[in-house]
Amino acid sequence: MRALLMAWLLLNVGAIHAEESSADRIVFQDPASGFRFPQMIGAYELVKTEGFGYRGGTAVHYAETNGTQASVFIYNKDFTNLANGLDDRRLRNELSSIDGAMTEMVRRGEYQSVERVDLAPMSKAWLQVSHDIKLPGGKTLKSYSFMRVQNGYFVKLRVSGPSEGSNARVPAVLVGVSRAIGMLGGSR
């Protein structure tokens with residue numbers, strides 16, 4: 001009986017450990033920065049990575065079943081002395097370019113309209129801008145963009161999805177990306 005109980009415990013503890021490790025399993029390491037991304041960040045699953053060449057950086061795309069997407073962009077534009085954190089003036093220039101990119105999406109017809117929405121910051125470790133996006137056909141999205149410098153790279157996180165409850169999913173993504181880029185001891 002005792003041997004049977006031990007076997008059952010080993011099988012169940014092993015299954016629980018396997019479930020935890022599959023969510024934490026690193027499936028992509030950015031070749032330039034060394035940042036390491038897991039298969040899952042909260043309810044988001046890694047669906048695609050893109051390399052844009054040496055100067056263009058890398059994009060890591062996650063998606064959730066309700067249609068919310070989270071994309072992480074890692075690049076440095078050949079700047080060699082970007083300071084970690086939020087204080088580098090070049091980071092603020094990059095953050096301000098997000099509004100211009102949204103305007104360009106409207107000009108190209110991919111968005112019907114975009115309105116900047118200034119919300120209370122969700123994290124002291126990231127700069128933030130938010131937008132309400134109206135797509136052709138009338139669907140509305142919430143978009144949250146976060147930026148910081150980490151290990152000499154701009155890191156931009158954009159989370160966008162359906163308006164209802166979208167901001168409730170953002171904190172888990174911020175924590176997961178912070179871990180992936182080594183801010184919480186998870187990357188390097």
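## Close-up views of a predicted model

**Figure 1. Surface and overall fold.** The accessible surface of the protein comes to about 10500 Å², and 55% of that area belongs to carbon and sulfur atoms. The model is predicted. Its secondary structure comprises 4 helices and 10 strands. Along the sequence these run α-β-β-β-β-α-β-β-α-β-β-β-β-α. Of the 188 residues, 40% count as buried. Among contacts between residues at least 6 apart in sequence, 45% join residues at least 24 apart.

**Figure 2. The largest pocket.** This pocket holds about 340 Å³ of space. Its lining counts 17 residues, and F73, I98, A101, K156 and R158 lie nearest the centre. Strand 6, helix 3 and strand 10 (153–162) each supply at least two lining residues. Helix 3 gives the most, with 5 residues. By class, the lining has 9 nonpolar, 4 polar and 4 charged residues.

**Figure 3. The second largest pocket.** Its volume is about 250 Å³. The lining includes G67, Q69, A70, S71, F73 and Y111. K139, L141, R158, S160, G161 and P162 also line this pocket. Strand 6 and strand 10 are the elements that give two or more residues to the lining. The lining has 5 nonpolar, 5 polar and 2 charged residues.

**Figure 4. The surroundings of N76.** N76 is found in the loop between strand 6 (69–75) and helix 3 (89–107). Its relative accessibility is 13%, so N76 counts as buried. Apart from neighbours within four places in sequence, N76 is in contact with L82, G152, Y153 and F154.

Methods. Residues numbered from 1 in each chain as written. Predicted model: local features only at pLDDT ≥ 70, side-chain atom pairs only at ≥ 80, totals over all residues. Heavy atoms only, no water. Buried < 20%, exposed > 50% of the residue type's maximum accessible area, 1.4 Å probe, protein only. Contact = heavy atoms within 4.5 Å. Areas by Shrake-Rupley, 256 points an atom, 1.4 Å probe, with all protein chains shown as cover. 1 Å grid on protein atoms, 1.4 Å probe; cavity = no way out; pocket = protein on both sides within 12 Å on 5 of 7 lines; lining within 4 Å. Points joined across faces, edges and corners; volume = space filled by probe spheres on them. Nonpolar A, V, L, I, M, F, W, Y, C, P; charged D, E, K, R; others polar.
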